[in-house]
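Take a walk through the model shown here.

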Amino acid sequence: MKFELDVVLIEERCRSSALAARLASAVAPEVEVRYVPDGRESARPLAGERDPFAAAKRRLVVMERRAPFLMGCPAGSAEFACCGYLVLVTASNCPMDCSYCFLQEYVADNPGLQVYANYAAAFDELERLGRSAPGRSFRVGTGELADSLAFDTLTAISRDLVEYFAQRENLLLELKTKTDEVGNLLTMDPCGRTLVSWTLSPTRVYESSEHRTAPPAARIEAARGVLEAGYKVGFHLDPLIAYPEAEHDYGELIENLFDVIPPQRISFVSMGGLRMTPALRAVARRRFPGDPMLLAGEEVLGRDGRMRSFTPLRMRLFASIRARIERRAPKMPLYLCMESASAYERVFGATPATPAALGERLVGR
Amino acid sequence: MNVGTVESRIRAWAEKRRLPEAHLVRWLALAQEDRAALLETAERLRLRTGQFVTALELLEEIALRDGESIAGVLARSEIRRILEGTGSAPGRAHSLVEQLRVARFPRLKRTIERLRTEIVGLALPPGIRVVLPVDLGSDELRIEIRANGGAELERLICAIDRHAAGLRRIAEMLGGADEV
């Protein structure tokens with residue numbers, strides 16, 4: 001585990017949980033472990049901190065989740081051509097600190113790192129989901145409100161998840177990460193029901209904006225490792241930042257990826273342009289005043305209230321990356337995240353499938 | 001310029017213009033040569049408060065993106081021409097903000113210029129207006145027709161039909177089908 005913690009706070013009602021026991025024995029001896037009556041209070045921002053969001057990334061709270069574990073993807077909307085992704089919330093917030101991260105706004109009121117000791121209750125929700133639509137397949141991921149693997153050497157939650165999904169015909173688990181923490185995964189047999197996906201960026205973006213993440217080459221190497229261990233793999237080129245050298249850099253990244261991972265063994269590649277609400281942009285600029293990538297794509301305000309690179313620039317970058325991928329992998333399943341149906345048509349020359357149909361296609365490969 | 005003099009002049013300018021405290025703090029936090037260059041600009045062009053706030057934000061972003069100081073950005077020839085020009089101060093203040101926007105969004109400005117050139121090149125009759133989305137924030141092209149009477153409306157619709165290929169090209173450019 002590469003991330004430093006100051007304290008682990010365990011909610012009293014989770015004191016005897018397996019997760020609390022694993023964590024308490026796995027954290028470094030200098031990390032304080034304390035018990036608290038209500039984890040929700042411990043996850044709130046601390047008054048008096050200069051950067052409460054950064055401070056919260058050093059405080060891990062083991063607590064009970066009171067809300068459902070399964071939810072629709074928060075990025076999903078009728079405005080966009082979506083992929084039917086479902087989110088399983090086993091944790092919240094992330095020890096890495098990407099300057100563009102939407103969590104800076106999304107979990108600003110409860111930024112403490114949270115892992116949910118009662119995560120096994122999620123399996124009941126998944127059972128109901130699986131039974132709700134016989135014949136349909138669902139892609140369910142843990143990497144939306146947290147990185148799926150950042151704390152896995154401490155929590156080992158991935159083992160229980162991989163084991164559960166290995167026995168489910170119509171559910172596919174997606175573990176999304178920017179780390180190379182795949183040790184636990186290599187000890188398991190996913191039976192083809194777990195996909196590990198990496199967000200990939202060119203080195204220039206990684207160095208400028210993706211603080212404390214694994215370098216792109218290490219992510220690709222980790223992908224090769226899990227592929228050989230029987231996992232499916234996918235990649236998210238998201239956020240794409242349309243800086244002046246972007247077409248060249250993303251093209252090079254794709255070549256590097258395909259040189260290590262045979263493209264026909266990649267389940268999908270998604271693309272999404274950098275998008276930020278004005279409020280998120282203000283927070284990001286305040287927290288990372290020296291990161292030029294937050295400004296490099298000539299972002300303007302769009303109709304949905306988010307700032308993105310102006311439309312011709314963004315569409316051109318999508319099309320260029322699509323062409324670059326298809327040169328070596330003409331049948332690669334590709335999709336866009338948080339873009340309209342008209343953007344989808346411009347990039348792919350076809351009407352987007354429904355979220356359910358696209359989701360099925362991504363699960364099936 | 002003496003450091004103390006610059007600071008007292010900045011504070012005087014801020015008080016006179018009722019510059020909010022947060023912006024004054026940002027200004028004073030700049031490097032000495034940057035705050036002095038900004039003061040010279042504000043005084044010389046008699047910037048209004050809103051113009052100053054916009055200019056400060058644009059300058060900070062240009063400087064960060066281009067790896068240059070604010071004083072360096074203000075020393076660029078296209079900016080110096082405005083600062084040292086002979087027109088009215090309010091006119092030059094407006095030009096400064098516009099020029100900073102061009103520097104902050106160079107590819108956007110070039111793309112808008114190309115699209116406008118295409119639109120002008122169509123030589124559409126009066127009564128037809130082609131409207132680009134604000135800041136090209138979407139790919140929607142709007143065409144407005146203003147007609148008095150059925151005959152004029154028909155004539156304008158026919159004109160649009162005659163220019164369909166050119167209009168289509170503009171719509172495609174909005175979707176990235178051109179060099180940016």
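With 18 C-beta neighbours inside 10 Å, A:Ala156 counts as partly exposed. A residue is buried if 20 or more other C-beta atoms lie within 10 Å of its own, exposed if 12 or fewer, and partly exposed in between, with C-beta atoms placed from the backbone. A:Ala156 is not a glycine, yet its phi is positive, about 55 degrees. It sits in the loop between helix H6 (152-155) and helix H7 (157-166) of chain A. Helices (H or I, at least four residues) and strands (E, at least two) are DSSP runs, numbered from the N terminus.

This is a predicted model: local features need pLDDT of at least 70, side-chain atom pairs count only at pLDDT 80 or more, and totals for chains, interfaces and linings use all residues. Residues are numbered from 1 along each chain as its sequence is written, while chains are lettered from A and ligands numbered from 1 in the order in which they are written.

B:Arg46 has a positive phi of about 50 degrees and is not a glycine. Its loop lies between helix H3 (32-45) and helix H4 (49-66) of chain B. B:Arg46 has 13 C-beta neighbours inside 10 Å, so it counts as partly exposed.

Back in chain A, look at the peptide bond between A:Asp238 and A:Pro239. The bond is cis, with omega about 5 degrees. A:Pro239 belongs to strand S13 (residues 232-240) of chain A.

Next, the interface. 18 residues of chain A are in contact (C-beta atoms, placed from the backbone, within 7 Å) with 18 residues of chain B. On the chain A side, H12(A) provides the largest share, six residues. The predictor gives the complex an ipTM of 0.91 and a pTM of 0.93.

Last, a helix pair. Helix H8 (residues 106-122) and helix H10 (residues 164-174) of chain B pack at about 175 degrees, with axes 10 Å apart. Axes are lines fitted to C-alpha atoms, for helices over the stretch in contact, and angles run from 0 to 180 degrees between N-to-C directions. H8(B) and H10(B) are therefore roughly antiparallel (over 145 degrees).

Conventions
Angles under 35 degrees count as roughly parallel, over 145 as roughly antiparallel, 65 to 115 as roughly perpendicular and the rest as oblique. Two residues are in contact if their C-beta atoms, placed from the backbone, lie within 7 Å.
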